[in-house]
Amino acid sequence: MDNTLERLRQQLAQSAPPKSRYNPQAGGAPNGGGNPMGNDTAALSAAQRGAIGDHVRECWTKDAGALDIDKQQVMLTVTTDATGVARRAEVAGSDVGRLSDPRFRAFAERAIRAIMDVRCANLPLPQTALGRVNVLTFRFTP
Amino acid sequence: MIDSTNSLLRRRSILAGAAGLLAAPVPVMSEALAQAAGGQSAVIDVNRARTAPIPIAIPDLGGGQLGSQIAGVISNDLSNSGLFRLIDKAGFIQASASSGDAPNFQNWKPTGAQALVTGNVSGSGGSVRVEFRLWDVLPGTQIQGTAYTTTESNWRRIAHIMADVIYERLLGEKGYFDTRIVYIAATGPRDRRTKRLAIMDQDSANNRVLTDGSWLALTPRFHPTRPIIAFMSYANNRPRVYLFDLSSGRQTQLGDFAGMTFAPRFAPDGNSVIMALSNGGGSDIISVDLGSHASRRLTQSGSIDVSPCYSPDGSQIVFASDRGGDQQIYVMGSGGGGARRISFGSGRYATPVWSPRGDLIAFTRYGGDQSNFSIGVMRPDGSGERILSEGWDVEGPTFAPNGRVLMFYRESRSRDPRGGGFGSQLVSVDITGFNERPVSTPTDASDPAWSPLGA
């Protein structure tokens, strides 16, 4: 019996290095929550997104006589605080390269001002989205 | 056998049912997968923007009276454009902010301002330094900062230049405040009017008369780069196109033609003048080289071809012609030929002018199903016709150099047989049809022409 037990122990003894790899993400300071890629928007329903868009539209203005205004569009990445107030708005990466066009820059800055306007910055986020930072993606068209 | 068949049928049913489950509506599956993948297509749409001016606060610049005066001119320029709404100074929490320090944005946000101008004036007499900064109030950042050194007597022009910088930075298009208007100043009774060439800043300041009124003057136009005006004069009772040198005050006849020449305009490169030349009972469009005075006939239709105007790139010419029976607008290549009609509304069309932006042609329309005259715009292909203003007599549109504003003149009907009540004034309107405003002149005025920026 001892021989059997001994044989079992020998079989179980490690004879090669482990195959699994260490987790480089393990440990470190926890992040502040939210999703830097703006994917908090996807967690909202269509109705919720519509309500937020309707709210911001109250502050959304355009320069109707600007050349080709009807063709303009800008994507913004907006970061809110835990209470749902927009604290930061910037042109999304996909549109940053267009900022060298003064007409586009003027259009984008109007969109940023619409989000940051004190009358519209308090976004109507659902209860489930409060209590944490949210990163949302907005698309502004005239 | 039957049992096997039934078994086979049941198996097929089961398989069909399973296939149905597998063929569940694709969008549901795709949406779930999309959400699981991060929903990169999910956005919050904000659309249907209102047309509204940008609220801007312009406190007096530091540096005493000159700072106040400069702030006043900037405020008037931006407010009169209709694209900016001045924040009432009575609502300012702080009267002004030195241009050197960042403003306390917590004091400016409650006023509703989205933009803020601060600045300072120092020096006097022959050397004055004017500096300003433009701030984006909501993010709390500076977006423009410029300084100018000039003489104290030039303060108005510096204010207009600063207004242009603010306009361009916030709207993305060139401004039009550092410009001048040349026009015909009219005095005297209606049946014996004296018409003089006159010039002023676009805000009606610095008005002065250029000719003495000995002869009738009409339809002045600015050279694109030089201080020269082309206009029609009835000097010596021979109606011809003349060039007026703003620097010297000299007038010279352009070309030597047997017939009447009129309705001149400079080519975009400034090297020639296009105009109408009477020819028997009609008129043709010709081009005259300013250097050699050589002329080239561009139309010869046997009808009345008048009021030519180049496109901003010089490749096309828009003009009015009655070659089709009544006066309409046509476009042809700059070398002449291939004219195509672009106006098809009710009535007759006249005085076409191409926007410096290239996107619109403005015109005068009259007759047809309307009793009044009207000023309108259309795209260069003739589509999208819009009327901007109407009246008993409105005509002669001219574009601001950024193509955003039109100026024209409006005549009022006489109240009595002696012509009492008759008058003529300049009017400006945004190309969207908003913000129609009278333009102040010391006398009756007509035939305005807008200078290039900085002229």
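Modeller: Two strands pair if DSSP finds at least two bridges between them, and strands (E, at least two residues) and helices (H or I, at least four) are DSSP runs numbered from the N terminus. This is a predicted model, where local features need pLDDT of at least 70 and side-chain atom pairs count only at pLDDT 80 or more, while totals for chains, interfaces and linings use all residues. Residues are numbered from 1 along each chain as its sequence is written, and chains are lettered from A in the order in which they are written.

Colleague: OK, what's the bridge partner of Phe140(A) in S1(B)?

Modeller: That's Val46(B). S4 of chain A (residues 134-140) and S1(B) run parallel, joined by three bridges.

Colleague: And how many residues of chain B are in contact with chain A?

Modeller: 30, against 35 residues of chain A; contact means C-beta atoms, placed from the backbone, within 7 Å. On chain B's side, S1 (44-46), S2 (50-51) and helix H5 (155-171) each give two or more residues, and S1(B) gives the most, with three.

Colleague: Switching topic, how is chain B divided into domains?

Modeller: Domain 1 is 54-171 and domain 2 is 180-450, with bounds from an automatic or database domain assignment. Their C-alpha centres lie 36 Å apart.

Colleague: How many residues does the contact take from each domain?

Modeller: Five from domain 1 of chain B and six from domain 2 of chain B. On the domain 1 side, helix H3 (residues 65-80) of chain B has the largest share, three residues.

Methods
Two residues are in contact if their C-beta atoms, placed from the backbone, lie within 7 Å.
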